[in-house]
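Okay, thanks everyone. Let me put the model up, and then I'll walk you through a helix pair and the ligand shell.

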Amino acid sequence: NLLPGGSRPYPMNDKSPLQIFVRAKKKINDIYGEIEEYVCETTTFIDKIHDEAEIVDKEERDLFKSYVEKVAGIRTVLQRDHMKVAFFGRTSNGKSSVINAMLREKILPSGIGHTTNCFCQVEGSNGDEAYLMTEGSDEHINVVNIKQLANALCQEKLCESSLVRIFWPRERCSLLRDDVVFVDSPGVDVSANLDDWIDNHCLNADVFVLVLNAESTMTRAEKQFFHTVSQKLSKPNIFILNNRWDASANEPECQESELAKVKSQHTERCIDFLTKELKVSNEKEAAERVFFVSARETLQARIEEAKGNPPHMGAIAEGFQMRYFEFQDFERKFEECISQSAVKTKFQQHSSRGKSVAGDMRSMLDNIYERITIFRNHKMDQKNMLTERIQGTETQMLQVTREMKTKIHNMVEEVEEKVSKALNE
Ligand code: GTP
Ligand code: MG
């Protein structure tokens with residue numbers, strides 16, 4: 001059973017380089033939350049002044065509404081953003097086994113012959129149930145065990161470049177919890193549609209892992225695939241794993257010195273491939289990207305560790321410790337690389353878009369403010385004129401009143417005079 005009831009969640013690792021991405025994601029999401037609040041508040045304000053005075057026209061009002069939609073759109077993308085690693089290599093080199101070793105559980109089917117027949121993406125899900133979804137369908141197909149998963153993948157009669165998404169409880173693995181998404185592929189030697197593969201599954205990958213078979217050399221198909229990748233993407237991050245290194249150590253009559261010779265030969269070829277052929281890294285960087293590992297052994301060691309046993313109980317051959325250490329070293333460098341690269345490619349774009357939205361809004365608001373100031377000054381002028389006019393009228397009235405008063409006074413005097421004169425007479 002893939003989901004034993006009593007399994008403990010994998011412990012949180014705050015020191016993991018993946019936290020660079022996790023923290024950056026939280027921060028940018030918080031900032032966008034604030035931007036959204038600000039945009040909504042401003043839009044309500046703009047609507048209000050549009051209704052009260054004709055300072056803002058319909059076009060401006062609509063533009064503000066479009067910012068609300070834009071910011072909401074970016075927020076949705078941001079919440080979904082993750083780090084993506086894609087694995088490629090010839091059939092049976094151990095791509096699925098490497099992913100299982102990193103996930104610390106046998107999740108993906110692996111085996112001799114052509115096993116993985118379409119793209120499989122493993123990503124974290126929130127509940128405790130594992131399920132899968134095929135392309136173009138919303139149906140959650142429950143996954144109970146590895147055999148069922150393998151059957152589900154075969155029965156679907158999926159096209160090799162289609163994608164099956166496997167959702168695995170994120171609490172079961174720290175990499176899934178920290179938003180790493182794994183993409184497994186069929187062998188590069190079995191497909192003629194490599195261009196489609198790249199367009200459909202690789203353009204947003206942060207890291208590529210080329211899984212080689214340490215017992216043989218890199219094939220033309222493997223090289224060609226990465227040539228096309230590096231033409232379509234500028235400087236892709238590529239790691240090379242020389243897998244099945246345990247098998248070389250197990251080789252009868254293989255002296256240690258011979259093993260060292262093979263290792264340095266492979267190393268040199270891999271470094272040349274990254275530096276001289278693909279031109280994606282310099283010598284120093286390339287030397288940090290080539291590893292000799294055993295995925296099968298690492299997975300077994302981790303399964304033993306989960307049971308509380310020492311890891312070497314999973315050893316297959318002589319020299320386990322070195323290979324196990326090298327796998328861990330690969331994981332560490334991979335984590336550093338993927339989180340830095342994902343922060344740059346995923347968030348840099350969003351932060352510059354956020355800045356441009358904020359800048360546009362600011363200049364529009366400045367503009368509106370200026371118009372409001374002019375409007376207010378105009379109203380003040382009108383008020384002043386009115387006051388002056390009222391004051392003028394008041395003076396006039398006062399004068400008229402005074403004149404009237406004198407006139408009346410004179411009239412009264414005149415009448416009095418006339419009356420007393422008449423009486424006397
Ligand atoms: P496809 O899906 O068919 O392209 O193959 P794949 O690259 O995913 O290889 P897979 O992980 O299925 O491994 C193929 C076989 O090699 C399986 O039987 C694995 O157990 C075995 N294998 C994988 N890694 C190692 C390893 O490091 N050492 C040894 N000895 N065997 C390994
Ligand atoms: Mg496979």
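So, helix 3 and helix 11 cross in a left-handed way, meaning the near helix is turned anticlockwise from the far one by less than a right angle, with clockwise being right-handed. Helices here are DSSP runs of H or I, at least four residues, and strands are E runs of at least two, numbered from the N terminus.

Before I go on: this is a predicted model, where local features need pLDDT of at least 70, side-chain atom pairs count only at pLDDT 80 or more, and totals for chains, interfaces and linings use all residues. Residues are numbered from 1 along each chain as its sequence is written, while chains are lettered from A and ligands numbered from 1 in the order in which they are written.

Back to the pair. Helix 3 and helix 11 pack at about 25 degrees, axes 8 Å apart; the axes are lines fitted to C-alpha atoms over the stretch in contact, and angles run from 0 to 180 degrees between N-to-C directions.

Who touches whom? From helix 3 we have Ser 97, Val 98, Asn 100 and Ala 101, and they meet Ala 295, Arg 296, Thr 298, Leu 299 and Arg 302 in helix 11. Contact means C-beta atoms, placed from the backbone, within 7 Å.

Now the ligand. Ligand 1 has 23 residues around it, with Gly 94, Ser 96, Ser 97, Ser 110 and Thr 116 the closest; the cut-off is a backbone-placed C-beta within 6 Å. Helix 3 gives the most to that shell, 3 residues, and helix 11 (295–306) supplies at least two.

Last one: Ser 92 has a positive phi near 70 degrees without being a glycine, and sits in the loop between strand 1 (83–88) and helix 3.

Terms used: Two residues are in contact if their C-beta atoms, placed from the backbone, lie within 7 Å.
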